[in-house]
Amino acid sequence: MDSKLLRISADIIAPFVTKMFNLSITSGKVPSDWKIARVTPVYKNKGSHSDICNYRPISVVTHLSKLLESCIQTQLMDYLEDNKLITPDQSAFMRKHSTQTSLHKLMDDIITSKDNNKNVLMCFLDIQKCFDTINHKLLLTKLKRYGIKDNSLDWFSSYLTNRKQTVTCNGSLSPLLDISIGIPQGSGLGPVLFLLFINDLPQISDKFSFNLYADDTVIYKAADKIEDLCVQFNDDIGIISNWYSSNKLTLNATKTEFLILGPNKNRAPNEITFEKENIPTSNTVKYLGIKIDSNLNWNEQIKYIESKIKPYIHILNRLRHILDQKHLLTIYNTIIEPTIHYCDTVWGYCSKTNINRMNRLKRRCARAITNNYDWDIPGESLMSTLNIHQFEQKRNYHTACLTFKVINNLSAPYLSDKLSNINHGHHTRATASHNLLLPFPKHEFAKQTFSYTASKCWNKLPLNIKTTQTFTSFKHKYKQMKPNQ
């Protein structure tokens, strides 16, 4: 049934649907036909097409079931957040959190440790089929531990048991099969249930720091001597492996990566033993869409962006014979610009050379859109005509927006600890201007931390912008601000 029918008839059927939902919740039972999923395998765009491991199973359930799951998900998240039951190291599927805030949390810890002349060992864990291997009995036990009991626990038990699925492929449907393990991908409740399942991971050891974004997990630790760091890591990693084994999750050692940073990283071993396999250390690791390198110079990230943007520029050049400038600019603003500036507040304060490479990409896009290859006309003037901003301007705008969110409690709480207002104990020009305390790092590379870039960017803003009450007004006033302010 098309979901459009539900929207059209909403005023008439809403009371009856509400009654059904309430009956399901109070009785602790989910109708059996609401637990049937049609699974569509979606290729992950990597690896062989003939290998089933390279496909992601997306479950599609009935529209009413999705509506009920949405209601339950909202109430469950309210309960978890009000009682602060989700670990602060988790950023996925959480309000006010994003990959941007998660990366800032991780990179600020790493850069600060390196600034204090410590060596850092990072381990990027990979779980095999994490959503599909969740044990229902263990999940229900953990739900009970977090205060979900009585009818609520019965409802989740009914939701997880006696589920069935059919797989669609090439227009054909497979016979229905029972599902005794895993949580459906594509469902509203699946992500929240997964968060609860792995929520106790950071609590098992205080010997590591954790950064989680759903199943993308990074564990890391710092030490003065690289030799001590590697020995400590090998001694303590068994705690992590045991937790995954106890929770019936399988770590993929071949896809697990290690990154070592710090003043003595060249003395680190070339391989680290993990899950009885020797894993070579990497110079660059891709995490949450950005390339983190052991030198923290972001050269690999810049190369990665260039490799993604250059094909788009080629497409713009071909489309300019078909589309007008307005539509080409729309393609740029919806695809190319977000790709260039994805999480630019994290890596965008790199070297001047790398920033110039980003601006060069923008100038090439401007020439392709305007079909102007007269080199006597500067690319910057073409960008200005199209209202395409220089990389630094857009990066500073994103930094200011995130800083406003942090100051006004609209972003992840763990970023609030990185900013503090100037407080001399008496009235000064700095306190009256609502300035932030600017840290003084020991090394130049440490000026990439959010605490430094946010404070420096914020302190340059006029007072009338800093004291704006709403985020929408802040963005409007910032865009109206003169470039030299």
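## Surface and burial

The chain exposes about 25000 Å². Carbon and sulfur atoms supply 51% of that area. Accessible areas come from the Shrake-Rupley method with a 1.4 Å probe, and for residues only the protein chains shown count as cover. Of the 485 residues, 46% count as buried. Buried means under 20% relative accessible area, exposed means over 50%, and partly exposed lies in between (1.4 Å probe, protein chains only).

## A predicted model

This is a predicted model: local features need pLDDT of at least 70, side-chain atom pairs count only at pLDDT 80 or more, and totals for chains, interfaces and linings use all residues. Residues are numbered from 1 along each chain as its sequence is written, and side-chain values use heavy atoms, leaving out hydrogens and water.

The pLDDT is the predictor's confidence in each residue, from 0 to 100. Its mean over the chain is 90, and 97% of residues reach 70 or more. Confidence is lowest in helix α16 (residues 429–432), at a mean of 55. It is highest in helix α11 (residues 344–347), at 97.

## Overall fold

The chain has 19 helices and 13 strands. Both are DSSP runs numbered from the N terminus: helices are H or I with at least four residues, strands are E with at least two. The radius of gyration is 25 Å, close to the 23 Å that the globule rule gives for 485 residues, so the chain is as compact as a globular protein of that length. This radius is taken over C-alpha atoms, and the rule is 2.2 Å times the number of residues to the power 0.38.

Now look at contacts, meaning heavy atoms within 4.5 Å. Among those between residues at least 6 apart in sequence, 68% join residues at least 24 apart.

## An enclosed helix

How many residues of helix α7 (residues 190–197) are buried? Eight of the eight are, so α7 is largely enclosed by the rest of the structure. Phe194 and Leu195 are among them. The buried residues of α7 pack against α3 (63–82), α5 (136–145), α6 (150–160) and α8 (226–246).

## Residues to find

Thr99 sits in helix α4 (residues 99–115). It counts as buried, at 18% relative accessibility. Beyond its neighbours within four places in sequence, Thr99 contacts Tyr213, Leu288, Tyr342 and Cys343.

Leu288 lies in the loop between β12 (284–287) and β13 (290–293). Leu288 is buried, at 12% relative accessibility. Its phi is positive, about 55 degrees, although it is not a glycine.

Lys248 also has a positive phi, about 60 degrees, without being a glycine. It is in the loop between α8 and β9 (257–261). Lys248 counts as exposed, at 52% relative accessibility.
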